Amino acid sequence: MHQVSRKVFVNVKEVEGLLRKGRGYAIRTKYREATLYYDKALSLDPGNPESWYLRASMFIETGKNIEALDDLEHALRLNQNYADAWSKRGHALYNLGRFEEALFACTRALALKGNDAAAWYIKGICLDELGRIGEAQEAYAKSLELEIIQDIEMEKRRSA
């Protein structure tokens, strides 16, 4: 257990278990069920940025991009260097047609974690939308390169 503000104790293992179950449902595209587990994890530990991030991911998957942005704001307030949250923020902003803001979020994500294929891809789409075609092509190429590398690594793990 660890202590959070206001002298409330959180069972970290319980929260981790809820997040694990939520991820299991999310992988099977059972977003409503996954969200319920993330809600429960947040009720136990609202200071866990991963819980906010994971629930935001479910909101994006179900077209609730405004709700996703709210959750990502919580995650980033808790950890401003959370690269995956910046990347998801870029995705949600792109979905809302806010291309400049999405580009900024993806650029921030990539400054923290340069091998994020999804951030490179969303960055490319935003650059395309903004008429910056040359830069967009570079971002798409980087995204594709990273996806190929990830596929090769996954295949190696499977055959090992």
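The sulfur of Cys126 lies 5.7 Å from the closest cysteine sulfur, in Cys106, and is therefore too far away for a bond. A disulfide is taken here as a pair of cysteine sulfur atoms within 2.5 Å, and by this rule the count comes to 0 disulfides. Cys106, likewise, is in no disulfide. Cys126 counts as buried, at 0% relative accessibility, and Cys106 counts as buried at 0% as well. Buried stands for under 20% relative accessible area, exposed for over 50%, and partly exposed for values in between, with a 1.4 Å probe and protein chains only.

The model is predicted, so to speak of local features a pLDDT of at least 70 is needed, side-chain atom pairs count only at pLDDT 80 or more, and totals for chains, interfaces and linings use all residues. Residues are numbered from 1 along each chain as its sequence is written, and side-chain values use heavy atoms, with hydrogens and water left out.

Both cysteines take part in the packing of helix α6 (residues 99–112) against α7. Helices (H or I, at least four residues) and strands (E, at least two) are DSSP runs, numbered from the N terminus. The axes of α6 and α7 are 9 Å apart, at an angle of about 150 degrees. Axes are lines fitted to C-alpha atoms, for helices over the stretch in contact, and angles run from 0 to 180 degrees between N-to-C directions. The two helices are therefore roughly antiparallel to each other; under 35 degrees counts as roughly parallel, over 145 as roughly antiparallel, 65 to 115 as roughly perpendicular and the rest as oblique. The crossing of α6 past α7 is left-handed, that is, the near helix is turned anticlockwise from the far one by less than a right angle. Contact (heavy atoms within 4.5 Å) involves residues including Phe99, Leu103, Cys106 and Leu110 of α6 and Trp120, Ile122, Cys126 and Leu127 of α7. By class, this contact has 11 nonpolar, 1 polar and 2 charged residues. Ala, Val, Leu, Ile, Met, Phe, Trp, Tyr, Cys and Pro count as nonpolar, Asp, Glu, Lys and Arg as charged, and the others, Gly among them, as polar.

Helix α7 (residues 117–129) also meets helix α5 (residues 83–95), where the axes come within 9 Å and cross at roughly 35 degrees. This crossing, too, is left-handed. Ser87, Gly90, His91 and Tyr94 of α5 make the contact with Ala119, Ile122, Ile125, Cys126 and Glu129 of α7. The residues divide into 5 nonpolar, 3 polar and 1 charged.

Turning to other helices, Asp71 is found in α4 (residues 65–78) and is buried, with a relative accessible area of 3%. Leaving aside residues up to four places away in sequence, Asp71 touches Trp52, Arg55, Ala56 and Phe59. Arg55 is also in contact with Thr35, as is Met58. Thr35 belongs to helix α2 and counts as buried, at 15% relative accessibility. Ser43 lies in α2 (residues 31–44), but counts as exposed at 52%. Ser43 and Val15 are 28 residues apart in sequence and 9.5 Å apart in space, C-alpha to C-alpha.

Over the whole chain, there are 8 helices and 2 strands, and the elements run β-β-α-α-α-α-α-α-α-α from the N terminus on. Of the 160 residues, 39% count as buried. The C-alpha atoms fill a box of roughly 50 × 40 × 25 Å, taken along the principal axes.
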